[in-house]
Amino acid sequence: MNNGKYNSALLDANLTKRYLWIALGICLLIIFILALKIVSSETSEKTVIVPSSFNKPFSVKGNDYSNEYKEQVALFIMDNLLTFQPSNAKYQFGEVLRWVHPNNYPTLKAKLNAEARKIIADSSSSVFYKNGVRVSGNEVVVRGEIVGFVGGNEVSRRTTAIKLALDTQNGFYITGWSEVATDTNLAEAAETQKEETDLIGDVQ
């Protein structure tokens, strides 16, 4: 009788001990995983990326974006914004809007949608020939020549510089773009003395 009770108590003790070891093992595993995450976050390395749509490698570390990244994004935005035809303008402007900061999205979406409708109605198109880019903090200036067409016929040609404003505090966004004066386009404006249309979606 006593021997049976002893064996039962011993079995219970062994089971309890086994459960405690299992619980301890789980706790140690959780601590180990958390420690790995902390070490990983504290010793994060700069990642260098070369995506297929960009032609230069760039690096990203947290919210620290390299100048190469800012340059490539700016060139991508300008290509979609200023090289278009009626069949793809709406799609390309949509690609631009994917990069827009939420605070600026409603205004720019309305402007670009209106511009897309006008492009389709007028059967107009444009080509932007880039010839320079400069990054300064969270501003990127892209220089080039815009050639405009209506119904396949060239109707305008002018040099320009477009400043793209960025917000990199909580992600990577564009907040707007505007045409900035250069010596060349000021001279052209003085010579032609004709009214130029606003840059697409120009936001100061």
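This report walks through the fold, the sheet, the salt bridges and a surface patch of the structure above.

The model is predicted, so local features need pLDDT of at least 70 and side-chain atom pairs count only at pLDDT 80 or more, while totals for chains, interfaces and linings use all residues. Residues are numbered from 1 along each chain as its sequence is written, and side-chain values use heavy atoms, with hydrogens and water left out.

## Overall layout

Let us start with the whole chain. The protein has five helices and seven strands; helices (H or I, at least four residues) and strands (E, at least two) are DSSP runs, numbered from the N terminus. Read from the N terminus, the elements follow the order α-β-β-β-α-α-α-β-β-β-β-α.

Of the 204 residues, 30% are buried. Here buried means under 20% relative accessible area, exposed means over 50%, and partly exposed lies in between (1.4 Å probe, protein chains only). The accessible surface of the protein is about 13,100 Å², and 55% of this surface belongs to carbon and sulfur atoms. Such areas come from the Shrake-Rupley method with a 1.4 Å probe, and for residues only the protein chains shown count as cover.

Contacts (heavy atoms within 4.5 Å) tell us how the chain folds back on itself. Among contacts between residues at least 6 apart in sequence, 46% join residues at least 24 apart.

Four strands make an open, antiparallel sheet in the order 4-5-6-7. Strand 4 (124–136) and strand 7 (173–180) are the edge strands: each has a single partner strand, so one side of each is left without a neighbour in the sheet. From one strand to the next, the twist averages 30 degrees. Two strands pair if DSSP finds at least two bridges between them.

Strand 4 and strand 5 (residues 139–150) run antiparallel and are joined by twelve bridges. Along this pairing, S136 has E139 of strand 5 as its bridge partner, and S125 has F149 of strand 5. The two strands form a hairpin with two residues between them, and G137 in the turn has a positive phi of about 60 degrees.

Strand 5 also pairs with strand 6, in the antiparallel sense and over twelve bridges. In this pairing, E145 stands opposite T159 of strand 6. Strand 5 and strand 6 form a hairpin too, with two residues between them, and G151 in its turn has a positive phi of about 60 degrees.

Helix 2 (residues 67–82) lies across strand 4, strand 5, strand 6 (153–167) and strand 7, and runs at about 165 degrees to strand 4. Axes are lines fitted to C-alpha atoms, for helices over the stretch in contact, and angles run from 0 to 180 degrees between N-to-C directions.

## Salt bridges

The structure holds seven salt bridges, each a side-chain nitrogen of Lys or Arg within 4 Å of a carboxyl oxygen of Asp or Glu. Three of them are listed here.

| Pair | N to O distance |
|---|---|
| D79 and K130 | 2.7 Å |
| K118 and D122 | 3.1 Å |
| R157 and E145 | 3.2 Å |

D79 is partly exposed at 30% relative accessibility, and K130 is partly exposed at 37%.

K118 and D122 sit four residues apart in helix 4 (residues 105–122), so about one helical turn separates them. K118 has a relative accessible area of 48% and is partly exposed; D122, at 35%, is also partly exposed.

The salt bridge of R157 with E145 belongs to the sheet: R157 lies in strand 6 and E145 in strand 5, so the pair ties together parts that are twelve residues apart in sequence. R157 is partly exposed at 44%, and E145 is partly exposed at 24%. Together with E154, these two residues are linked in a network of salt bridges.

## A nonpolar surface patch

Finally, we turn to the surface. I22, I26 and I30 form a nonpolar patch there, with about 280 Å² of accessible area together. Patches are made of residues with over 30% relative accessible area and no salt bridge, with like charges joined within 9 Å and nonpolar side chains (Val, Leu, Ile, Met, Phe, Trp, Tyr) within 5 Å. I30 is placed in helix 1 (residues 2–42) and is partly exposed, with a relative accessible area of 46%.
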